[in-house]
Amino acid sequence: MVNVDYLLGFILRGRTRKKVFLEISQHVRVTPAVLYIKTNIDRSHIRRSLLELLKTDLVRCTTPKAQTGKVYVLTDNGRKVKKLLEQM
């Protein structure tokens, strides 16, 4: 089990990562294309941030075998971190 405070710090340390995480948390399901449109962050940076969020179990991909149009949602840890961010 990963410490939620560590995960919160992980989100706050990266400006792009924080923007991507917050945008995912505002939607039930989201694709990288939607993140690109909503945040205006370069697609390669979005991809890198998504990989970091996947590795730390903050988001999960519901369509891992898809070549394009992958869908991402928050995990239980992601929802806990979202609540902490809302309290700040």
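Apart from neighbours within four places in sequence, Phe-21 is in contact (heavy atoms within 4.5 Å) with Ile-11, Leu-53, Leu-58, Leu-74, Gly-78, Val-81, Lys-82 and Leu-85. The structure is a predicted model, in which local features need pLDDT of at least 70 and side-chain atom pairs count only at pLDDT 80 or more, while totals for chains, interfaces and linings use all residues. Residues are numbered from 1 along each chain as its sequence is written, and side-chain values use heavy atoms, with hydrogens and water left out.

Phe-21 belongs to helix H2; helices (H or I, at least four residues) and strands (E, at least two) are DSSP runs, numbered from the N terminus. With a relative accessible area of 0%, Phe-21 is buried. Here buried means under 20% relative accessible area, exposed over 50%, and partly exposed in between, computed with a 1.4 Å probe on protein chains only. Between the C-alpha atoms of Phe-21 and Phe-10 the distance is 11 Å, at a sequence separation of 11 residues. Helix H2 spans residues 15-25, and its buried residues are Arg-17, Val-20, Phe-21, Glu-23, Ile-24 and Ser-25. The elements that cover these buried residues include helix H1 (4-13), H3, H4, strand E1 (59-61), strand E2 (72-74) and helix H5 (76-87).

Ser-49, in helix H4, touches Thr-16, Arg-17 and Val-20 when residues up to four places away in sequence are not counted. Ser-49 is buried because its relative accessible area is 4%, under the 20% limit.

Two arginine side chains are placed over aromatic rings. A charge is taken to sit over a ring if NZ of Lys or CZ of Arg is within 6 Å of the ring centre and within 35 degrees of the ring normal. Arg-17 lies over the face of Phe-10, with 3.9 Å to the ring centre. In the other case, the charged end of Arg-43 is over the ring of Tyr-36, at 4.2 Å from its centre.

The largest pocket holds about 290 Å³ of space. On a 1 Å grid over the protein atoms alone, a pocket is an open set of points where a 1.4 Å probe fits, with protein on both sides within 12 Å along at least five of seven lines; lining residues have an atom within 4 Å of a point. Grid points are joined across faces, edges and corners, and the volume is the space filled by probe spheres set on the points. The lining comprises 15 residues, of which Pro-32, Arg-47, Leu-50, Lys-70 and Tyr-72 are the closest to the pocket centre. Two or more lining residues are given by helix H3 (32-39) and by helix H4 (43-55), and H4 supplies the largest share, 6 residues. By residue class, the lining contains 8 nonpolar, 4 polar and 3 charged residues. In this division Ala, Val, Leu, Ile, Met, Phe, Trp, Tyr, Cys and Pro count as nonpolar, Asp, Glu, Lys and Arg as charged, and the others, Gly among them, as polar.

Lys-70, named above among the residues closest to the pocket centre, lies in the loop between E1 and E2. Lys-70 counts as partly exposed, at 25% relative accessibility. Beyond its neighbours within four places in sequence, Lys-70 is in contact with Val-30, Thr-31, Pro-32, Cys-61, Thr-63 and Pro-64. Lys-70 and Val-59, 11 residues apart in sequence, are 12 Å apart from C-alpha to C-alpha. The loop between E1 and E2 also holds Thr-62, which is partly exposed with a relative accessible area of 29%.

Positive phi values in residues other than glycine are found at Asn-40, with about 60°, and at Asp-57, with a value near 60°. Asn-40 is placed in the loop between H3 and H4 and is exposed, with a relative accessible area of 64%. Asp-57, in the loop between H4 and E1, is partly exposed, with a relative accessible area of 40%.
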